[in-house]
Number of protein chains: 2
Amino acid sequence: EGLETSSASKATRTLPIEPLDTFPRRHIGPKASSVEQMLQTLDPPAKSLDDFVKQVIPSDVLSSRNLQISSTSGSSRHLDRGLTESELLQEMERIMSQNKPGLSFIGQGYADTKVPEVIKRNVFENPAWYTSYTPYQPEISQGRLESLLNFQTMVTDLTGLAIANASVLDEPTAAAEAMTLSLGALPMSRQKRPNKAFLVSNTCHPQTIAVLESRAQGFGIKIVVADVLADNCEAVEDLGSDLVGVLVQYPDTHGGVADYKSLAEKVHKSGSLLSVATDLLALTTLTPPGEFGADIALGNAQRFGVPLGYGGPHAAFFATSEKYKRKIPGRLIGMSKDRLGNPAARLALQTREQHIRREKATSNICTAQALLANMSAFYAVYHGPKGLTEIAKNVTAMTRYIQQRLVQAGFQTGNGPAMDNKPAPFDTFIVATGEKTGAIFEKLESESIHVRKLDDSRISISVDETTDMAKAHKLLAAMDVSVDSSNPAEIDVSVPEQFKRTTPFLTHPVFNSYHSETELLRYIYHLQSKDLSLVHSMIPLGSCTMKLNATAEMAPVTWPTVSSLHPFVPLESAKGYKVMTEQLESDLASITGFHSVSLQPNSGAQGEFAGLRVIREYLKHKNAEDGKKRDVCLIPVSAHGTNPASAAMCGMRVVPVKCENSTGNLDMADLKAKCEKHSDEIGAIMITYPSTFGVFEPNIKAVCDMIHEHGGQVYMDGANMNAQIGLCSPGEIGADVCHLNLHKTFCIPHGGGGPGVGPIGVKEHLAPFLPGHLRGETGGEHAIAPVSGAPWGSASILPISYAYIKMMGPVGLTQATKITLLNANYILARLKPHYNILYTNAEGRCAHEFILDVRPLKETAGVEAIDIAKRLQDYGFHAPTMSWPVANTLMIEPTESESKEELDRFCDALISIRKEIAAVENGKVPKEGNVLKMAPHTQQDLLRSEWDRPYSREEAAYPLPYLRERKFWPAVARLDDAYGDTNLFCTCAPVEDSEDITGAAAPTPT
Amino acid sequence: EGLETSSASKATRTLPIEPLDTFPRRHIGPKASSVEQMLQTLDPPAKSLDDFVKQVIPSDVLSSRNLQISSTSGSSRHLDRGLTESELLQEMERIMSQNKPGLSFIGQGYADTKVPEVIKRNVFENPAWYTSYTPYQPEISQGRLESLLNFQTMVTDLTGLAIANASVLDEPTAAAEAMTLSLGALPMSRQKRPNKAFLVSNTCHPQTIAVLESRAQGFGIKIVVADVLADNCEAVEDLGSDLVGVLVQYPDTHGGVADYKSLAEKVHKSGSLLSVATDLLALTTLTPPGEFGADIALGNAQRFGVPLGYGGPHAAFFATSEKYKRKIPGRLIGMSKDRLGNPAARLALQTREQHIRREKATSNICTAQALLANMSAFYAVYHGPKGLTEIAKNVTAMTRYIQQRLVQAGFQTGNGPAMDNKPAPFDTFIVATGEKTGAIFEKLESESIHVRKLDDSRISISVDETTDMAKAHKLLAAMDVSVDSSNPAEIDVSVPEQFKRTTPFLTHPVFNSYHSETELLRYIYHLQSKDLSLVHSMIPLGSCTMKLNATAEMAPVTWPTVSSLHPFVPLESAKGYKVMTEQLESDLASITGFHSVSLQPNSGAQGEFAGLRVIREYLKHKNAEDGKKRDVCLIPVSAHGTNPASAAMCGMRVVPVKCENSTGNLDMADLKAKCEKHSDEIGAIMITYPSTFGVFEPNIKAVCDMIHEHGGQVYMDGANMNAQIGLCSPGEIGADVCHLNLHKTFCIPHGGGGPGVGPIGVKEHLAPFLPGHLRGETGGEHAIAPVSGAPWGSASILPISYAYIKMMGPVGLTQATKITLLNANYILARLKPHYNILYTNAEGRCAHEFILDVRPLKETAGVEAIDIAKRLQDYGFHAPTMSWPVANTLMIEPTESESKEELDRFCDALISIRKEIAAVENGKVPKEGNVLKMAPHTQQDLLRSEWDRPYSREEAAYPLPYLRERKFWPAVARLDDAYGDTNLFCTCAPVEDSEDITGAAAPTPT
Ligand SMILES: Cc1ncc(COP(=O)(O)O)c(C=O)c1O
Ligand SMILES: Cc1ncc(COP(=O)(O)O)c(C=O)c1O
Ligand SMILES: O=C([O-])O
């Protein structure tokens, strides 16, 4: 209430005069008067918001402490109120201007790029693109599906492999996925060999090798780093049947290009796979990996129009051959057709995602990098094959120009041990700086020119699209090299014959039509017009927390002081980031009740993996004495699929714990039994709070105690943190670790399927084990190996969450939590007379979300959750989470950002649909071909002259009056999933359900 | 061709290596291969682009010089190629960072404001809003029409007057419009009185008084500046029947508030009108002018969420009482209904705009400030009445706080002569700084704190929404005032009882519903979804030049270094602007072949007015000797309506010159006759080139010579400059003055009806007369009085044109002109077999546009231009310019930014429509109720169950296949104009056509 305007409408103002552009009232949807009405509407009504909260959250869980949010000034003071929007932006400006991007020649997997302004403004800065959800509802997602298909086409064309996914988190984790795919492709006997090893070229990027280390442990794989080509690939032969696979980098981390054909043959002969980490821009001129025998190609698409962002977010790509298409990690877009036979894109082989539900999983990737993949795809669309090739050639020209100058000045250069001054194949070369290395490096740094220091006698220099003559000359001058530009007048940019690309690429019209800004702009808007996002209506996805992504939060992301930093600039050049990340860590620690936070994991699932790895490392240290191998992970059957997958990836055995059928709560008897049975083996329990069923379980503290008693650690999945902030906290409840999805609770937009950030918070005893990085810039004393390519993961979007926390302040954050609970319970109260509600607590309350149980309607009307979901599209709404965590149900989460008016519109829609179902139940309308079964309806469907349906066109399109004013049209009719999976990707993998896990029909929400 | 990519796809690069993000290939639509095809398709075909150009432009007009564009570095060098996008942005950053906004307390009609981030990103920076055209096609413009209606409602509510328009150019010109409306409201006898005078309060803003001076001359009005209330309004009495009207400022320029009730009575008794320049924010707490007797209220809506922008663009508002609604200048939105009876907004009383076609005109306003009006409207929607009031009270509190501190420190303060330390009524007060004035001012300036220096002993201080405690304390500290903030603890913010506002305002739901960011965002997108803009398809409006508004051009507009400067900061604080405007002036001079350029006029029509004023002033000086009063302005009958209006406003008598019926060319015999008849009286000719009929007239040089021989000056209307750049120029052709519409040729977006910029270029002899400003910062030795409130008019959008010119470079600009000619001739060639073309030159070529003569179809099929225009909406296109310059025709201008593919789609649509017309001609389809007459078709119209039309729903919606993929739906069916004008605004003024001027049916294009 006090939040509505920060000062009452009175005739005086008190000093200090408070500014008015306060944020909580903009972020929180319902007005004070609506809150009163909503409290009255609850069933039973509540007297006050605080009374209501007490009915929702168990009293022993409710926190008594006051939330503390640090002041942005870095002083030890805490904020009392949130910063206003203008204060925040001023502070952000002040802090981030301490970052000095300088001039980077660092390379090492990141290259600066010219983000086309038209893409920056109309995709990256456009809420219609960044607020959309993963395209699980293809009929209202054709725009981004088409764009992701462009991304996949771009990757397959350039890599020369048959199939590519719609992005993975970063290049190092892509390499890790390649390793595990390679493992999974081996015969079981070889998968189980105790000394199995993944052979990694010593010219891979160091961060890739580091992340492989962290990922290999759980699978019991040894990482062998070697010169893979040496002595006729001796290392391959040496490993024999222990070989899981081989990874090389092409061009390599020193800019070299090698011929891997015979390596590929040897690897294949040994029955394993060759993976190639590569560079899309280089592949415009170099032979693609698919043509020299690679089974997998992967890399970072960042240099295709995505800012450096101090390490992320960027879209990594992953391509493989036809043969492994069903093993490809992450999301895959495929073509199918709709009910009317029109071609339509969709997430293909979705049931594959069931893999991540099982302990056999080798990948837990869920949130990916859709928004950045789309940017890269548009970049390729804008430049086309010719434009990209020109950029590549310019990069080569500039590289060789700098190299020639250095050689003329007497430096030795090269791309590997042989410093033979041969022209660099692409964008990078080594300079032998010998004894002067330190001095040169310091001189360069003093002018904010960043190169990569390889060791005490060598630096390396990488060139990118933004390197122009002026920058080259700045570098050369700083190295005391004369820049008389008369000689040589011509730079050869050709590639050595044996590596020359001959296959055309990006021949599809989409990459050859939109090269003027006008054309590209219209293409972007055309795609956008097909997609429903938060700019249209609420997206009530349970477990996904689709709340406001406020513009003031988003603005700094594209500031040059935020977006232009290479992740490996010296830390002194990134002081603004240091201030921001330290404050964010401390605020998140305060919010979660933990001691320390790591911001490195770049998705929730990555957070899970990191958190479990921390636990395991801690247990290893602690139990070294008593020799206990604590590798059992208890996971309730209601858990999100990523939980067992993450546990499996950490080498844990998953033991399911039952839930009570009647309440949804954890079955304490079963838990006790499992605890006792595995007492010596329990490493952890993974538990979501409030539960994935949308209830604050009453026994949560008892659960934590029980696990602790048996020597295990409690991992809390914080996906539902939006229901907790300011009212309770994982730390106080008893958890030892928790991940947060900043892209849910902390306002990072979903971007149509990513980016995300999944920090973990830990109790003090676990802090020493938080993930480290190459330069020791993160993590504790006993840091686990890095889980992301960059020290702070997707650093450049952290300002979003930072801004949210600072603008809301402690009071605003807590109020938001109360309202998120109220909004959910309000919808529940309005729908209860019409639908079954699956679970509530003893007081009849849900948490921030709840499950609509529509299973009985199948019997009475032949209607399933999917029919309601599709019919909701006709009403202008995105469906709630479908069939998760319980098959054939709908899980509704409104968030605090939705106003009562919007909630009412949504309730009206669902109630109206319930009437349509009743008409079927009554026999007034047939079970087949009715308005639900035919939903969603497209314009073209309704405009056909023939009409023989049991409902009118207008009933199809405008079932409620508001639709005549605001109508969002699905671009295609209901998708034919079976057709797509059968025809485009041959046959679909049979889905074996893991008996213990509830729900099977749908992918997991993100 | 060379423009497609800046370096060929070859194996070497030449030094210096050229960057690739070149702009011309992004700006120009057709590919090189398309250009070849198009040249072949012409009728007759052309061998090469240069051959073709020679067929279009008369050889004596074609220029032989090379265009010169200055380098951005400010050196005397010229650009050879255009800057790339990244180079431009870097240079722009370098230049504009020399601007130092500092801390402004200047006031004087401009107040800083917190632009809500959600509005900035989603309106100001959103091409869907900024690239749309004036909403003359209401069916595809309902979004901005609704928003402009919100603007009008906001203005009427706050001013307490019955009717407001949809913005005028700035506050001073609004005051000028008030003066001329006052004049027009007088009986004719009084209008003609030789000593008539407009009485202006001496507490009006000085720039307002200055602009009134310049506007008054043409009307023969004397501006009398006085203390209007003194001695019981003696000045009013004194003027008697010479009184044209009175203007006061409320609150006034010194922050004072006076009771104008008895003044109003006196003014009314004298039979004239009281105008009040006012402040919308102040009116949330003060009695509105409408309630104390004002007939007109006007002012600047800038402080409602529009950046200062060093003076503009901002939306000024203009409100009056019911009685004068048909005299209100500018555009007016009104409600009407569509064919189906649904309510729909539209430009009301459009035929009123005919006024500007006639020499009797008192206003020439055409392009206004739609985009900024929309921003202000959204600001009001977001804050609502309560929020706005709170902001006003905070401003008052901060003002009084600073004032109290100064008083405590011993300063005398006040709001006028009586320095009585009474609390400032709103946001401004005077400080008696006495002898220390100079020292204080300098001290403040040295800390970049800007106040207004009133004279040698007084400064004034104004507070705005952005003034917080920190800023206040900075100011106070710099004035050596202690800031112990303990006393007083409370600031009274109440208004003196007699001025207290009692009437509620903004009670309409639209101002009380969208106060959360989510709600506002959806409202913005909802409105946007109804509007067709350049993000959808080409907008082929003849004379309007709807070309690409590139993102790189737009980006700097919202940089703080560009947007945050008060127009009256010391010039040393705006060095970046100085560099940019000087270069832009010099480039425009080079392009137009002139000596000097003034950037002050903020629309084309303002440019005309300024240019004619310059001519008149020159002639006055020159002819003082021979006593000739050269007040005749020759204007071809084909001229744009603003031409005669501008001439009339300059006190010139308009003499029409005929055009040949067969060729459209100026009738040389008639011209000669008129010249001879008026030889001693000719002041000027106004001529558009290429002509408004879309042809490069062959006699243009002879025309210029003839005028010069008779002692007149040649004024060229440069609206069609897009056909000239690099190929010919007004200066070389023989013109003495020319205005440019930067919002046409130079890429400032149309913003849905403004902003615009209308600089004038002049020959050397006219340079001394270019418009000056308050501080002598612009204009020549004999400068005319200012025509705009700010020295450089709408300064903050000048970077758009600057960027365009620098990125295109001389070659790119010239190539664009060639392609714009080609694109028009290509469409002409494709349509010629199907439609009559009104005029071409002897070679069968048009210029950059041409007229489709559909008049014969009325006879054959009962089809008129409007039916084709409306049916084009069904095909996804905005209509060409309708019924201008020739009634019942369509004028098509494609611009160079459209690709061949888009041109073809448009031609296909028109050819398909021609077939639909043929079906009527053949009698296959009835003359009434056919698909043309019923167009445009809305979703709701087509989805109704009953269907009895002679065409199918699908024929209505998808007449061509591309529409199934890309369909834009009109939000309402065809508007009922008559209904709206009759019912909403009583009866419409009978339109008396000025016999000499062709074309009468439609408003003039902008
Ligand atoms: C309960 C739960 N846990 C984990 C995740 C995985 O998070 P992410 O998609 O960020 O990897 C999700 C995502 O929806 C979730 O809902
Ligand atoms: C030929 C011509 N002259 C003058 C103008 C007036 O320009 P503005 O709308 O910028 O005042 C226009 C606008 O369309 C025009 O087409
Ligand atoms: O918009 C016009 O009708 O010219």
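Me: What makes strand S16 (residues 490–492) of chain A and strand S1 (residues 12–14) of chain B a pair?

Reply: They run in the antiparallel sense and are joined over three bridges. Two strands pair if DSSP finds at least two bridges between them, so this couple qualifies. One place to look is A:Asp492, whose bridge partner in S1(B) is B:Thr12. Strands (E, at least two residues) and helices (H or I, at least four) are DSSP runs, numbered from the N terminus.

Me: What should I keep in mind about the model and its numbering?

Reply: This is a predicted model, in which local features need pLDDT of at least 70 and side-chain atom pairs count only at pLDDT 80 or more, while totals for chains, interfaces and linings use all residues. Residues are numbered from 1 along each chain as its sequence is written, chains are lettered from A and ligands numbered from 1 in the order in which they are written, and side-chain values use heavy atoms, with hydrogens and water left out.

Me: How do you know how much of chain A and chain B goes into the contact?

Reply: Contact means heavy atoms within 4.5 Å, and 101 residues from chain A and 101 residues from chain B take part. The two chains bury about 8,500 Å² between them, 48% of it on carbon and sulfur atoms. That area is the accessible area (1.4 Å probe) that two parts lose on being put together, summed over both.

Me: How do you know how chain A and chain B are related by rotation?

Reply: A rotation of 180° with 0.0 Å of shift along its axis superposes chain A on chain B, with an RMSD of 0.0 Å. The copies are thus related as by a two-fold rotation axis. A:Leu943 comes closest to the axis of the residues of chain A, at 3.4 Å (C-alpha). Also, 100% of the interface residues of chain A are interface residues in chain B, so the copies meet through the same surface.

Me: What makes S24 and S26 of chain A edge strands?

Reply: Four strands of chain A form an open sheet in the order S24-S25-S27-S26, with antiparallel pairing. Strand S24 (836–837) and strand S26 (881–882) each have a single partner strand, so one side of each is left without a neighbour in the sheet. S24(A) pairs with strand S25 (residues 850–853) of chain A over two bridges, and A:Leu852 is the bridge partner of A:Ile837 in S25(A).

Me: What makes the backbone at B:Pro313 and A:Asn421 worth a look?

Reply: Most residues other than glycine have a negative phi, and most peptide bonds are trans. The bond from B:Gly312 to B:Pro313 is cis, with omega near 0°. Phi of A:Asn421 is near 60°, a positive value in a residue other than glycine.

Terms used. Copies are superposed by least squares on the C-alpha atoms of residues with pLDDT of at least 70 in both.
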